Amino acid sequence: MDHKTSNHFLPLIAAMSPAELEREIEQPSKLLMQQAQHGRSRIDVAYAPFDHVNSDARIVIVGITPGRQQMGNALRECYEHLRAGAAPQEALAAAKVFASFSGPMRSNLVAMLDDIGVHRLVGLDSSARLWADRSDLAHFTSALRYPVFVEGKNY
């Protein structure tokens, strides 16, 4: 894990008000990591707490990049843990499991994983448990770790 990145952003997240956090989710400024122009398109990379690495995982599930919904879910979960006094590592781990592939895509992903028998490979009755009581078995990641937006829309 890149501790330097999370060490920079976690105090900013913890210090925000709920309204500031929601504004950052909609239009990152404090959480904006990089901005570039490609042709006529603006590309933004924003921080979201997807830094945790589960090195004991038996399965790795890889996406392309988190979208705004996953970013918001990760930031809100991390924020709640930090404000409740959780250690940074605990907040990062909880946020990653909670937000990875969250929203409608998760139920579709679970159905696909179950259809091909992934749950049986790791001894579960359903792959849905990878995001619940058996998150210890999975590492969730993306080719682009942090959310990428083109002209403010999901990549």
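Is the crossing in which α2 passes α3 left-handed or right-handed? In this predicted model, helix α2 passes helix α3 in a right-handed crossing. Two packed helices are described by the angle between their axes and the distance between the axes. Here, the axes of α2 (residues 18–26) and α3 (residues 68–83) come within 9 Å, and they cross at roughly 155 degrees. Angles over 145 degrees count as roughly antiparallel, and α2 and α3 are therefore roughly antiparallel to each other.

It is worth looking at the side of each helix that takes part. From α2, the residues Pro18, Leu21, Glu22, Glu24, Ile25 and Glu26 are involved, and they meet Arg68, Met71, Gly72, Leu75, Arg76 and Tyr79 of α3. By residue class, this contact of α2 with α3 comprises six nonpolar residues, five charged ones and one polar one.

Asn154 itself belongs to strand β6 (residues 153–154). With a relative accessible area of 46%, Asn154 is partly exposed, because that class lies between the limits of 20% for buried and 50% for exposed.

The surroundings of Asn154 complete the picture. When neighbours within four places in sequence are set aside, Asn154 is in contact with Gly67, Arg68, Val148 and Phe149. Gly67 lies 87 residues from Asn154 along the chain, yet the C-alpha atoms of these two residues are separated by 5.4 Å.

How values were computed:
Residues numbered from 1 in each chain as written. Predicted model: local features only at pLDDT ≥ 70, side-chain atom pairs only at ≥ 80, totals over all residues. Heavy atoms only, no water. Helix = DSSP H or I, 4+ residues; strand = E, 2+ residues; numbered from the N terminus. Buried < 20%, exposed > 50% of the residue type's maximum accessible area, 1.4 Å probe, protein only. Contact = heavy atoms within 4.5 Å. Axes fitted to C-alpha atoms, helices over the stretch in contact; angles between N-to-C directions. Parallel < 35°, antiparallel > 145°, perpendicular 65-115°, else oblique. Left-handed = near helix turned anticlockwise from the far one by under 90°. Nonpolar A, V, L, I, M, F, W, Y, C, P; charged D, E, K, R; others polar.
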